[in-house]
Amino acid sequence: MESLLGIIFHSIGGFSSGSFYMPFKKVKDWAWESYWLVGGFFSWLIVPPIAAYLTIPNFTEIIITASPAIKTFTFSMGLIWGIGGLTYGLGVRYLGMSLGNSITLGFCSAFGALVPSIYYDFNPAEGKISFSHMLSNSGGQLVLLGVAVCLLGIAISGKAGMLKEKDFATGHEDKDKDFSLAKGLTVAVISGILSSFFNYGIEAGKPMAEQAVINGCNPLFQNNVTYIVLLWGGLTTNFIWCLYLNFKNKSIGDYFNVATPITKNILYSALAGTMWFLQFFFYGMGESKLGNGASSWILHMATIILTANFWGFYLKEWKGVSKKTFSTFIWGIGLIMLSIVLVGIGNSL
């Protein structure tokens, strides 16, 4: 029953994450950096403390009294993840909901499974699995097979993107004007690698989450206190970059331009930002039920990919492409999903 609840919570969080970009599509006459920053304030600064206030007694005291080393490391993981989150938005912009999410999260799943184990080869820790141990263990070997399948699926998805770009080059000039395979693949690779650091940030902030449980918090919500510090790091990265783009692109006036629907733009951006945070809210609930960070991460990625591809089909992102292009894309998605199943089973072993 606990595992079933974990799957349900992860599915809700994955749906929220896979859908968060949809409200952004309703924003009119604002530059990307403007609506991304407004959404980010809700994702990383406004909603997380509200969630913690509603679920964790004395959450501010927990943060204040936590070890500076714990807070610094958690914040640092958030900084790195923030770059991944920033490029994630750009990846979706340049590649579309389906292809952008699939490639980015495919890389995120692969590196999320590999990097911690490599780290523990150099810094052994009790109860943690190293890369060398994975090589000599059937479960670890299955994880590595899953990663290899994932990378193959990403390569095939990239091929589908090349075919799509070719299809749209003639006869479909009005389709996906922002579509750019070169830009999209570059930022998707960066995002996929760096986004996996969010999971490391949750692990780094575990002492704060454990203190929340000691204080009487329902274990379902224990990670909400960790999110505050972790997301401060994400906010810092995104705030600096978006503000830089605001001045560089002379879009700083978007926030005050009465010729644009300011109120609606803020509301849609706020909705997108809130949905972005809800993925973490439900991720924490799911992780507390499954009790396996790696499996939780993989399951989370799978539900996001499925949801994003649903919206991609709904938005007709693949309408007008050849049958060869579409079938190539389906093969790529199928392999990425298979890899996630393999990694999940391997982690359970």
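Which handedness does the crossing of α3 and α12 have? The crossing of these two helices is left-handed, a term used when the near helix is turned anticlockwise from the far one by less than a right angle, with right-handed used for clockwise. The structure is a predicted model, in which local features need pLDDT of at least 70 and side-chain atom pairs count only at pLDDT 80 or more, while totals for chains, interfaces and linings use all residues. Residues are numbered from 1 along each chain as its sequence is written, and side-chain values use heavy atoms, with hydrogens and water left out.

As for the overall fold, the protein has 15 helices and 0 strands; helices (H or I, at least four residues) and strands (E, at least two) are DSSP runs numbered from the N terminus. Of the 349 residues, 55% are buried (under 20% relative accessible area, with exposed over 50% and partly exposed in between, for a 1.4 Å probe and protein chains only). Among contacts (heavy atoms within 4.5 Å) with a separation of 6 or more, 82% join residues 24 or more positions apart.

Two packed helices are described by the angle between their axes and the distance between the axes. Helix α3 (residues 32-55) packs on helix α12 (residues 223-248) at about 165 degrees, with the axes 9 Å apart; axes are lines fitted to C-alpha atoms, for helices over the stretch in contact, and angles run from 0 to 180 degrees between N-to-C directions. This angle makes α3 roughly antiparallel to α12 (over 145 degrees; under 35 is roughly parallel, 65 to 115 roughly perpendicular and the rest oblique). The contact between α3 and α12 involves 17 nonpolar, 8 polar and 1 charged residues. Here Ala, Val, Leu, Ile, Met, Phe, Trp, Tyr, Cys and Pro count as nonpolar, Asp, Glu, Lys and Arg as charged, and the others, Gly among them, as polar.

A second pair is formed by α5 (residues 68-95) and α10 (residues 197-204), whose axes come within 8 Å and cross at roughly 170 degrees, so α5 is roughly antiparallel to α10. Their contact has 9 nonpolar, 2 polar and no charged residues. Ile70, in helix α5, touches Ala204, Gly205, Pro207 and Met208, leaving aside residues up to four places away in sequence. The C-alpha atoms of Ile70 and Met208 are separated by 8.4 Å, although these residues are 138 apart along the chain.

Thr260 sits in the loop between α12 and α13 (262-290) and is buried, at 8% relative accessible area.
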